[in-house]
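Please take me through this structure one selection at a time. I have it open in a viewer and would like to know what to pick next and what is there.

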Amino acid sequence: MKTCYNCGLGMEDNNGLVSCYKYKTLSESQEEKSYCIYYIEKIFEDDEPLALMQYLLLVEQELGKRKMKISINNGLRV
């Protein structure tokens, strides 16, 4: 299940809320976020999660690839 708590861009707060690094918002840690295009599973290297900026760069790179594919495909229609 996609929740802010499981997202690499989520920063846990002391009061049970999660702050989103991308959108700078607070939400419940178990709030369903299946619609969020910036959701990314946590990735660990040497038992340490990636830095928040690394997660953001990975997501934005992936989103950029999707836009490129769409624009190329739309341009090839005859």
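**Cysteines**

Start with Cys 4, which is buried at a relative accessible area of 10%. Keep in mind throughout that this is a predicted model. Now show the cysteine sulfurs and look for the closest one to the sulfur of Cys 4: it belongs to Cys 20, at 6.6 Å, which is too far for a bond. A pair counts as a disulfide when the sulfur atoms lie within 2.5 Å.

Select Cys 7 next. Cys 7 is also a buried residue, with 8% relative accessibility. The cysteine sulfur closest to that of Cys 7 is in Cys 36, and the 6.3 Å between them is again too far for a bond. How many disulfides does the structure hold? The count is 0.

**Largest pocket**

By residue type, its lining is made up of 10 nonpolar, 3 polar and 1 charged.

**Three-stranded sheet**

Switch to a cartoon view and find the open sheet of 3 strands, ordered E1-E2-E3 with antiparallel pairing. Its edges are E1 (10-12) and E3 (26-28), each of which pairs on one side only. From one strand to the next, the twist averages 40°.

Strands in a sheet are held in pairs by backbone hydrogen bonds, in a parallel or antiparallel arrangement. To see one such pair here, select residues 17-20, which form E2, together with E1: the two run antiparallel and share 3 bridges.

Most residues other than glycine have a negative phi.

Go to the loop between E2 and E3 and select Lys 24. Its phi is near 55°, a positive value in a residue that is not glycine. Is Lys 24 buried or exposed? Lys 24 counts as exposed, at 61% relative accessibility.

Finish at Asp 46, in the loop that joins E4 (44-45) and E5 (48-49). Asp 46, also not a glycine, has a positive phi of about 55°. With a relative accessible area of 76%, Asp 46 is exposed.

Conventions
Residues are numbered from 1 along each chain as its sequence is written. This is a predicted model: local features need pLDDT of at least 70, side-chain atom pairs count only at pLDDT 80 or more; totals for chains, interfaces and linings use all residues. Side-chain values use heavy atoms; hydrogens and water are left out. Two strands pair if DSSP finds at least two bridges between them. Helices (H or I, at least four residues) and strands (E, at least two) are DSSP runs, numbered from the N terminus. Axes are lines fitted to C-alpha atoms, for helices over the stretch in contact, and angles run from 0 to 180 degrees between N-to-C directions. Ala, Val, Leu, Ile, Met, Phe, Trp, Tyr, Cys and Pro count as nonpolar, Asp, Glu, Lys and Arg as charged, and the others, Gly among them, as polar. Buried means under 20% relative accessible area, exposed over 50%, partly exposed in between (1.4 Å probe, protein chains only).
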